[in-house]
Amino acid sequence: MNLVPEKNSDFSTTEYWDSFFTKRKTTFEWYGNYENLKRLLTKYISAKDVILMSGCGNSDLSLNLYSDGFVNMTSVDNSEVVIANMNKKHKNKYPGLVYEIEDILNTKYANEKFSAVIDKGTLDALMPDGEVESLTRAMKMFNEIKRILKFGGRYICVSLLQYHIAQFLFSYFSENGWIIRVCQCTEVEDSPDFNGQPVFMVVCTKVNKIPGANPILEWNPDGLTNERLDSINDLLEIVIDTQKSVSMCFDLTKCQMEDMSNNYRFEINCSQTKKPRYTIMIVESPTQKNPNKMTFAAFIVPHGREHEWLFSSEEGQDILRRNCNVDRLAIISMHRGQIYKNLKQVQQELSRLMLKIAPQGVIKRGETILFLSLEQQLGDRKIIMESKSEHSGNFVIEEVIGQKDETFRRLVFLNMPHIIQSETKLLTENGKTKIDYSHFLSDYIPYLGLGVGVTANQLNKESKILLIGLGGGILTNLLLNTYKNVNIVALEIDPIVYKIAKEAFGLIEDSRLEVNICDGLEYLCSAVKNNDKYDAVVYDVDVKDPTLGLSGPPKTFLKQDILNNVKSLIGEEGLFLLNFVCRASDVKAEILNVMKTNFKQLTSLKIAEDINRVLLASNSDKTFDIHLLEQTATYMNECTKSNPLIACDVIDISALKESIEDI
């Protein structure tokens, strides 16, 4: 039996509904049954209310309310067929149930007769689109509701809130000065027959319009908390975001995400600050895709450790999923600037969401969501400085407690909040805090130092190094602490970063170090004009746009004229070293081809458990073979062990051979 109309506009015709109710005599519930709506609906009506049920159809909603004590109610519909059927069905058993044929656009009722008008799907049927005909019908209905509703009465509209409906509904009643509250009917989403479209209950309260006053607009996501909004656009934005998120959760439950391979990421904002509170990364098994068979767990990353390889890289995340022995793992990271009481509070806050993104088999089996973490504590993150840079935007310096109760100080630019710009480990000695110069966030730093060591490991010769990108000064400190015969010119475009390097990350002030606050590209040009020469030019420069798939160096630093400048500065015997961070395979191939075209020798050192690579390039006939690298690493380790500020090896020589990539 086909009950779907040929076109959406048929939903607004009496003929369609007469035909519909002739064919379908059993109860049909639009947008959820009474149990789905009861918690919210009964909050906004009382047994004393005189209620009009608009467009009642053959729903049991009127009967259910009547049975719960809401007996002063009239149910209307413009379909003679359905009103006849409902009177016949309930007349003997429920004589107080009143069903009448009425057109809600033009009723016979007296002004201000009702204290509540309930509309479950009627507005949606009358407004199948945003055309003039639909808008005219809706306007007539709203005008009629305004006429028959008492002062302080409520128009309660249960709707899918398609954009054209929400915009017209909010605009009409706000312009008339009514209070508008939009509630999310979450129980509908929990029902077994939910189809992925969230249902909303819009409660419009009739009050006198106050000239010049802003409309009262509220969002109520859980039936408990009300959030006051400034504009209709804000309310529309929340509705749209809710529709997208509910649809996404539904697709995750059914395992039907179209743009998902085995990973999917989204953020949950704080309702008060509107800033990200949680980042959720969904990691799935590449083999098990049956939503009824999949297993699921949630893993809470300790506060401040979301940057670690296990939690931030695809490879690490899949290892974590397999270690948790589940087909789907939700990896939950917390954000700086948010307050979290304890692990239990985070679990309670996220338990409902986890149920919504779990494969449907988990719910069907009645399983409890399993929350996992590395430890019973949330972890500790303390912001010690928060400011703004003209070049890099907002940033924080924070201190985070690691797995072994070690304290790490980090510089993070908030336009790329998941990337650590600089990190050092703090030591406490005699009650005083000092820098641990042997700690490196990534092995790319010692590997760049290894490249410098190729030229520094030449007796009776001072090496002149040009470093573009001082950052927190971690690499500069390593070079100064390791090689006594290096002189460094370090360039930093941001004076605030230079200040941070000195004050927060222990940049060593040394006669062998010259720091210039300038643009690196401009410096390269002027250095060539001055006939300057360097034994090595080092790029450790980041990309400010995280969407490009390239994190460093910027492409502008690899243009042909700039590379010509680099080649002029280092000559045939000098070295060109790069911290190369690229996620996009096509961009990576393009840059490597450019480097191969410009340099006779090119070697890539892959960093274990990291996306960084160190490129060693030169136009010398001397190759960067394993013998040279191991010999240099031995020399470098001897130097670092002899310096009490480091006092250990910084290169694992046994891993060097495996780190050399074929490019």
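How many of the six residues of strand β6 are buried? The legends below begin with this strand.

View 1. Five of the six residues of β6 (residues 179–184) are buried, where buried means under 20% relative accessible area, exposed over 50% and partly exposed in between (1.4 Å probe, protein chains only). Helices (H or I, at least four residues) and strands (E, at least two) are DSSP runs, numbered from the N terminus. This is a predicted model, in which local features need pLDDT of at least 70 and side-chain atom pairs count only at pLDDT 80 or more, while totals for chains, interfaces and linings use all residues. Residues are numbered from 1 along each chain as its sequence is written, and side-chain values use heavy atoms, with hydrogens and water left out. β6 and β7 (residues 200–205) run antiparallel and are joined by six bridges; two strands pair if DSSP finds at least two bridges between them. Arg181 stands opposite Val203 in β7. With β8 (residues 217–220), β6 pairs in the parallel sense over four bridges, and Val182 stands opposite Trp219 in β8.

**View 2. The open sheet of nine strands.** The strand order is β3-β2-β1-β4-β5-β7-β6-β8-β9, and the pairing is mixed. β3 (98–101) and β9 (227–229) stand at the edges with a single partner strand each, so one side of each is left without a neighbour in the sheet. From one strand to the next, the twist averages 20°; axes are lines fitted to C-alpha atoms, for helices over the stretch in contact, and angles run from 0 to 180 degrees between N-to-C directions. β4 (residues 114–120) and β5 (residues 149–159) run parallel and are joined by six bridges. The bridge partner of Ala116 in β5 is Arg154. Helix α6 (residues 132–148) lies across β1 (51–54), β4 and β5, at about 145° to β5.

View 3. β12 (residues 296–300) and β13 (residues 328–334) run parallel, joined by five bridges, and Ala298 stands opposite Ala330 in β13.

View 4. Helix α19 (residues 585–598) has 14 residues and reaches 20 Å from its first C-alpha to its last, close to the 20 Å expected at 1.5 Å a residue; the expected span is 1.5 Å times one less than the number of residues. Its buried residues are Val587, Ile591, Leu592, Met595 and Asn598. These cover an arc of only 130° around the axis, which puts them on the same side of α19; the arc is that of the directions from the helix axis to the C-beta atoms. Ser585, Asp586 and Thr597 are exposed on the other side. The buried residues pack against β24 (550–552), α18 (560–570), β25 (575–582), β26 (601–606) and β27 (612–618).

**View 5. The buried face of helix α4.** In α4 (residues 80–90), the buried residues are Val82, Ile83, Met86 and His90. Seen down the axis, they fall within an arc of 100°, so they line one face of the helix. The face turned away from this buried side carries the exposed residues Glu80 and Lys88.

**View 6. The surroundings of Asn477.** Asn477 lies in helix α15 (residues 474–482) and is buried, with a relative accessible area of 2%. Apart from neighbours within four places in sequence, Asn477 is in contact with Tyr437, Phe505, Gly506, Leu507 and Ile508.

**View 7. Model confidence and the start of the chain.** The protein chain averages a pLDDT of 90, and 94% of the residues score at least 70; pLDDT is the predictor's confidence in each residue, from 0 to 100. Over residues 1–5 the pLDDT is below 50, and this stretch has nine contacts in the model beyond near neighbours in sequence.

Terms used: Contact = heavy atoms within 4.5 Å.
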